[in-house]
Structures are given as C-alpha cells and as structure tokens.
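Please read them alongside the coordinates.

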Amino acid sequence: MTGDLALSIICTLVGLLVGAFLGFYFTRKKFEKELKENPPINEKMIRAMFLQMGRKPSEAQIKQIMKSVNANR
C-alpha cells in the first residue's frame with residue numbers, strides 16, 4: 001500500500017520535471033525563432049520611419065530614441 005503511494009508520488013514528480021523541462025525547451029526555441037524572424041528595432045528602422053513621415057532625423061534624435069527603446073526593454 002505505501003509502496004503504491006510512493007511510486008505514484010515519484011511518477012508525478014518525474015512527470016512534472018519532464019514537463020517543465022520540455023516546456024522550457026520548446027518555449028525557448030519558439031522565442032529564438034521569433035527574434036530571428038522579427039528582430040528588435042534598430043537605427044536603420046528608426047531612420048526609415050522618420051523618412052516616411054517626411055522628416056530628416058538628426059543623429060541625436062536617433063540615439064535618444066534608441067536609448068528610450070533599450071530602457072523600456
């Protein structure tokens with residue numbers, strides 16, 4: 001009777017550990033794939049956005065925007 005209880009507890013714990021490991025692994029792979037397909041904003045993208053709005057950005061504006069984007073991450 002106690003052997004069955006111990007075995008069920010051990011199986012539950014092993015299942016939880018395996019599930020946590022697999023969840024972590026596949027979530028990490030998915031996150032890396034998303035970052036590769038959609039890279040974070042860079043200075044080239046900021047320049048393109050300014051030019052689409054009809055403005056010529058200064059280097060100080062670009063650095064300020066990059067600084068605020070990195071601070072919010």
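1. The count of salt bridges comes to 5, where a salt bridge is a side-chain nitrogen of Lys or Arg within 4 Å of a carboxyl oxygen of Asp or Glu. This is a predicted model, in which local features need pLDDT of at least 70 and side-chain atom pairs count only at pLDDT 80 or more, while totals for chains, interfaces and linings use all residues. Residues are numbered from 1 along each chain as its sequence is written, and side-chain values use heavy atoms, with hydrogens and water left out.

2. One of the salt bridges joins E34 and K30, with an N to O distance of 3.7 Å. Both residues lie in helix α1 (residues 2-37), and because they are 4 residues apart there, about one helical turn separates them. Helices here are DSSP runs (H or I, at least four residues), as are strands (E, at least two), numbered from the N terminus. E34 is partly exposed at 31% relative accessibility, and K30 is partly exposed at 46%. The terms are set by relative accessible area: buried means under 20%, exposed over 50%, and partly exposed in between (1.4 Å probe, protein chains only).

3. Helix α1 also holds the pair E37 and K33, 4 residues apart and thus about one helical turn from each other. Their salt bridge has its closest N and O atoms 4.0 Å apart. E37 counts as partly exposed, with a relative accessibility of 48%; K33 is partly exposed as well, at 46%.

4. What is the distance between the closest N and O atoms of E43 and K63? In this salt bridge they are 3.1 Å apart. The pair links distant parts of the chain, 20 residues apart: E43 belongs to helix α2 (residues 43-52) and K63 to helix α3 (residues 59-71). E43 is partly exposed, its relative accessible area being 26%, and K63 is partly exposed at 44%.

5. The ring centres of Y25 and F26 are 5.3 Å apart and the planes stand at 75°, so the pair is edge-to-face. For reference, rings of Phe, Tyr and Trp (its six-membered ring) pair if their centres lie within 6.5 Å; planes under 30 degrees apart count as stacked, over 60 as edge-to-face and the rest as tilted. Y25 is partly exposed at 37% relative accessibility, whereas F26 is exposed, with a relative accessible area of 54%.
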